[in-house]
Amino acid sequence: MWMAPGQNQSWVSELILLGFSSDPTSNRVLSIAFLLLYLGSVLGNALIITLICLDMQLLTPMYFFLCILSLLDMSCVTTTMPQMLVHLLPHSQTISLTGCWLQIYVFGALGLTECIFFVVMAYDQYVAICHPLRYTVILSWDLCTQLTAGTWACGFFFSLIHTFLTIRLPYCGPNVVNHYLCEGPSVQSLACMDINLIEMVDLVISVFMVVVPLSLILASYIRTGQIILKIKSTQGCCKAFSTGASHLTVVTLFYAPAMYIYMRPNSSYSPERDKQISLFYNVFTAFFNPVVYSLRNKDIKEAFLKVMGWGRAAW
């Protein structure tokens with residue numbers, strides 16, 4: 001659909017999201033698979049939040065941060081996947097510009113918040129391993145609240161800048177986005193003007209919100225690894241390494257594709273490849289985070305058994 005404010009100029013009023021396939025059979029298969037992934041992500045993260053809120057023994061900084069991460073993951077997939085499922089239906093691939101801007105802003109805000117929040121979780125692990133006796137003193141509830149509020153504020157602020165710059169671009173056609181969601185780079189590629197300046201601004205934001213946090217996380221893990229190697233207990237050393245490796249795997253699955261999508265010029269935009277890569281930080285991390293961070297955790301398992309009424313004896 002087009003709007004014509006003037007005789008010689010037309011402006012896009014809605015966008016068409018092509019999704020993954022134009023074949024109805026393939027879309028039906030994809031809709032079932034994505035529906036299962038979405039339900040698994042929401043239910044898994046909701047279970048983590050419920051258990052942490054119900055079990056007083058889990059009211060510690062570490063589990064508070066896990067609760068916030070689950071909330072971020074659940075919100076992120078809910079921002080994109082219900083619309084993706086709708087667009088897999090026949091003749092339902094359009095989205096209004098307002099809806100597209102809103103999705104870019106909310107999805108970007110939650111993603112940027114999670115980028116910084118992984119730093120907070122890495123710091124939590126560093127304090128727990130390197131300063132165990134002072135853990136609750138260093139990570140007071142006031143500091144935990146301030147760190148959480150700060151990450152959310154930064155994420156929503158920088159996403160606002162990114163979204164504002166994207167909105168200000170002129171879109172005079174075409175209006176077809178080869179993606180399953182409205183994401184900054186894919187939408188910006190439709191603009192009918194040079195976007196080099198906006199690419200530079202996005203690159204600066206990406207460096208500040210992705211590269212810097214990732215560097216801090218790696219520095220934290222290196223320092224934590226040095227401390228772990230000094231642990232005399234083989235069992236304790238293996239457990240700490242196992243936890244750190246799991247966390248690092250999730251961080252890699254999130255940061256690597258995000259850096260590829262947002263830190264390369266739009267001139268190298270490859271729709272089909274980008275759609276597949278974006279699934280990692282949009283869908284798969286939200287699905288696997290409950291498993292990696294919590295469902296493999298003994299305290300979470302005991303809390304689940306307690307809520308189910310099976311008690312410690314059953315565990």
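The legends below accompany close-up views of a predicted model.

**Figure 1. Overall composition of the predicted model.** The protein is built from 11 helices and five strands. Of its 315 residues, 47% are buried. Among contacts with a separation of 6 or more, 78% are accounted for by residues 24 or more positions apart. The structure also holds two disulfides, and a search of the whole structure finds 17 aromatic pairs.

**Figure 2. The disulfide between Cys100 and Cys182.** The two sulfur atoms of Cys100 and Cys182 are 2.2 Å apart and form a disulfide. The link of Cys100 and Cys182 is left-handed, with -120 degrees about the S-S bond. Cys100 belongs to helix 3 (residues 97-130), whereas Cys182 sits in the loop between strand 5 (176-177) and helix 6 (184-188), so the bond ties together parts that are 82 residues apart in sequence. Cys100 and Cys182 are both buried.

**Figure 3. The disulfide between Cys172 and Cys192.** Here a disulfide joins Cys172 to Cys192, with an S to S distance of 2.1 Å. Cys172 is located in the loop between helix 5 (141-167) and strand 5, and Cys192 in the loop between helix 6 and helix 7 (196-228); the pair therefore ties together parts that are 20 residues apart in sequence. Cys172 has a relative accessibility of 31% and counts as partly exposed. Cys192 is likewise partly exposed, with a relative accessible area of 34%. When bonded cysteines are counted along the chain, the disulfides of the protein follow the pattern 1-3, 2-4.

**Figure 4. The aromatic pair of Trp101 and Tyr171.** A pair of aromatic rings is described by the distance of the centres and the angle of the planes. Among the 17 aromatic pairs found in the whole structure, Trp101 and Tyr171 form one that is tilted, at 5.5 Å centre to centre and with 40 degrees between the planes. This pair links distant parts of the chain: Trp101 is in helix 3 and Tyr171 in the loop between helix 5 and strand 5, 70 residues apart. Trp101 has a relative accessible area of 14% and is buried. Tyr171 is also buried, with a relative accessible area of 5%.

**Figure 5. The aromatic pair of Phe254 and Tyr255.** A further aromatic pair is formed by Phe254 and Tyr255, whose rings lie 5.6 Å apart, centre to centre. With 85 degrees between the planes, the arrangement of Phe254 and Tyr255 is edge-to-face. Phe254 is buried, at a relative accessible area of 4%, and Tyr255 is buried at 1%.

**Figure 6. Packing of helix 3 against helix 7.** Helix 3 and helix 7 pack with their axes 9 Å apart, at an angle of about 15 degrees. Because this angle is under 35 degrees, helix 3 is roughly parallel to helix 7. The crossing of helix 3 and helix 7 is left-handed. On the side of helix 3, the residues in contact include Leu112, Cys115, Ile116, Phe118, Val119 and Ala122. Their counterparts in helix 7 include Met209, Val210, Pro213, Leu216, Ile217 and Ser220. Tyrosines also take part, including Tyr123 and Tyr126 in helix 3 and Tyr221 in helix 7. Cys115, one of the contact residues of helix 3, is buried, with a relative accessible area of 3%.

**Figure 7. Packing of helix 2 against helix 5.** The axes of helix 2 (residues 61-87) and helix 5 come within 11 Å and cross at roughly 20 degrees. At that angle, helix 2 is roughly parallel to helix 5. Helix 2 passes helix 5 in a right-handed crossing. Helix 2 contributes Pro61, Phe64, Phe65, Ile68, Leu71 and Leu72 to the contact, while helix 5 contributes Trp141, Cys144, Thr148 and Trp152. Cys144 counts as buried, at 0% relative accessibility.

Figure 8. Phe64, Phe65, Phe117 and Trp141 form one aromatic cluster. Of these residues, Phe64 and Phe65 of helix 2 and Trp141 of helix 5 also take part in the contact between the two helices.

Conventions. Residues numbered from 1 in each chain as written. Predicted model: local features only at pLDDT ≥ 70, side-chain atom pairs only at ≥ 80, totals over all residues. Heavy atoms only, no water. Disulfide = S-S within 2.5 Å. Helix = DSSP H or I, 4+ residues; strand = E, 2+ residues; numbered from the N terminus. Buried < 20%, exposed > 50% of the residue type's maximum accessible area, 1.4 Å probe, protein only. Phe/Tyr/Trp six-rings, centres within 6.5 Å; stacked < 30°, edge-to-face > 60°. Axes fitted to C-alpha atoms, helices over the stretch in contact; angles between N-to-C directions. Parallel < 35°, antiparallel > 145°, perpendicular 65-115°, else oblique. Left-handed = near helix turned anticlockwise from the far one by under 90°. Contact = heavy atoms within 4.5 Å.
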